[in-house]
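Biologist: I keep seeing labels attached to parts of this protein, and I would like to know what stands behind them. Could you take me through a few?

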Amino acid sequence: MSGETPDSGADASGGLDGPGGSAALASLFAPERVAVVGATDRDGSVGRAVTENLLAEFDGAVVPVNPSRDEVLGVSCVGTVAEADVDMAVVAVPPAAVVDVVRECGEAAVRNVVVLTAGFGETGAEGADREQQLRSVADEYDLNLVGPNSLGVMSSPRGLNATFGPDAPPAGGVSFMSQSGAFVTAVVDWAKDEGIGFKDVVSLGNKAVLDESDFVEAWGDDDATDVVIGYLEGISDGGAFIRTARRVTPETPVVVVKSGRTDAGARAASSHTGTIAGSEQAYEAGLDQAGVLRADSVQELFDAARILEG
């Protein structure tokens with residue numbers, strides 16, 4: 001695990017500081033109005049896919065943001081985030097434009113931002129610098145920022161599918177986080193056959209701001225979440241995660257699949273989201289201390305979720 005200094009990431013009471021926290025993240029999964037920045041009707045584009053998904057079932061308003069278009073998929077466009085008057089922005093613009101768009105979100109008091117765009121810390125020095133700029137802007141405006149390099153977020157109570165994946169999951173009491181967007185898609189597909197329903201789903205991406213500890217804390221305080229499951233390629237702050245999970249697991253079980261048991265797996269995780277996977281011995285000890293159960297496969301993850309949810 002990285003960042004295992006005992007006081008790292010915690011305030012005097014032992015809670016996580018910065019953006020996040022259970023009350024703040026509740027709004028991330030229950031927006032009233034969602035902007036899609038970079039919305040388009042161009043076939044095969046991320047901006048089209050996420051707009052279509054939101055329009056399909058979301059019980060709030062969807063506002064496309066694209067200064068070059070009057071409408072997208074029959075919905076009127078606005079030119080800027082400020083004009084959208086929303087409480088969540090989903091960002092699907094080229095990498096070079098993301099930091100400016102996120103700053104616009106902060107200036108417009110849009111607290112919840114989901115960055116789908118890739119091309120950040122997972123791509124090398126230039127991307128890492130761009131990711132640091134993104135983190136600085138999010139810190140300046142105290143944003144709940146998911147990503148970058150994220151598939152998006154879902155929440156069944158609101159019919160929210162703010163992703164560019166093909167399907168939303170069935171409703172249920174399991175909340176799920178994953179660093180891999182492909183793993184989210186696979187789990188959602190598998191869940192339909194397995195009879196597993198989800199409350200919230202988040203694709204963590206590069207975890208520039210919000211990470212696994214933030215979501216474990218939020219879901220631990222969420223009465224509608226019976227079980228937390230996750231796929232992790234690395235843990236950003238081991239000490240914070242252990243403290244958070246210790247508080248949560250007595251009431252809400254947490255089960256994870258942790259990639260990178262082998263050297264090849266660790267290299268694959270690092271190349272995917274820029275995560276340093278860390279030592280297996282540290283993970284085993286840390287997860288055990290935190291009361292977190294470790295699954296070795298997706299089937300084990302589902303089996304545990306089914307048993308613990310019941």
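Modeller: Here are some labels, each set against its definition. This is a predicted model, where local features need pLDDT of at least 70, side-chain atom pairs count only at pLDDT 80 or more, and totals for chains, interfaces and linings use all residues. Residues are numbered from 1 along each chain as its sequence is written, and side-chain values use heavy atoms, with hydrogens and water left out.

Biologist: What makes Glu 212 and Lys 207 a salt bridge?

Modeller: The term asks for a side-chain nitrogen of Lys or Arg within 4 Å of a carboxyl oxygen of Asp or Glu. Here the closest N and O atoms are 2.6 Å apart, so the pair qualifies. The structure holds 17 salt bridges.

Biologist: Why is Glu 212 called buried?

Modeller: Buried means under 20% relative accessible area, exposed over 50%, and partly exposed in between (1.4 Å probe, protein chains only). Glu 212 has 0% relative accessibility, so it counts as buried.

Biologist: What makes Glu 32 and Arg 158 a pair?

Modeller: Their side chains meet in a salt bridge at 3.7 Å, N to O. Glu 32 lies in the loop between α1 (22-28) and β1 (33-37), and Arg 158 in the loop between β8 (152-155) and β9 (160-163), 126 residues apart. Together with Asp 59, they are linked in a network of salt bridges.

Biologist: Why is α4 called roughly parallel to α5?

Modeller: Helix α4 (residues 95-107) and helix α5 (residues 125-141) pack at an angle of about 5 degrees, with their axes 9 Å apart. Angles under 35 degrees count as roughly parallel, over 145 as roughly antiparallel, 65 to 115 as roughly perpendicular and the rest as oblique, so α4 is roughly parallel to α5. The axes are lines fitted to C-alpha atoms, for helices over the stretch in contact, and angles run from 0 to 180 degrees between N-to-C directions.

How values were computed. Helix = DSSP H or I, 4+ residues; strand = E, 2+ residues; numbered from the N terminus.
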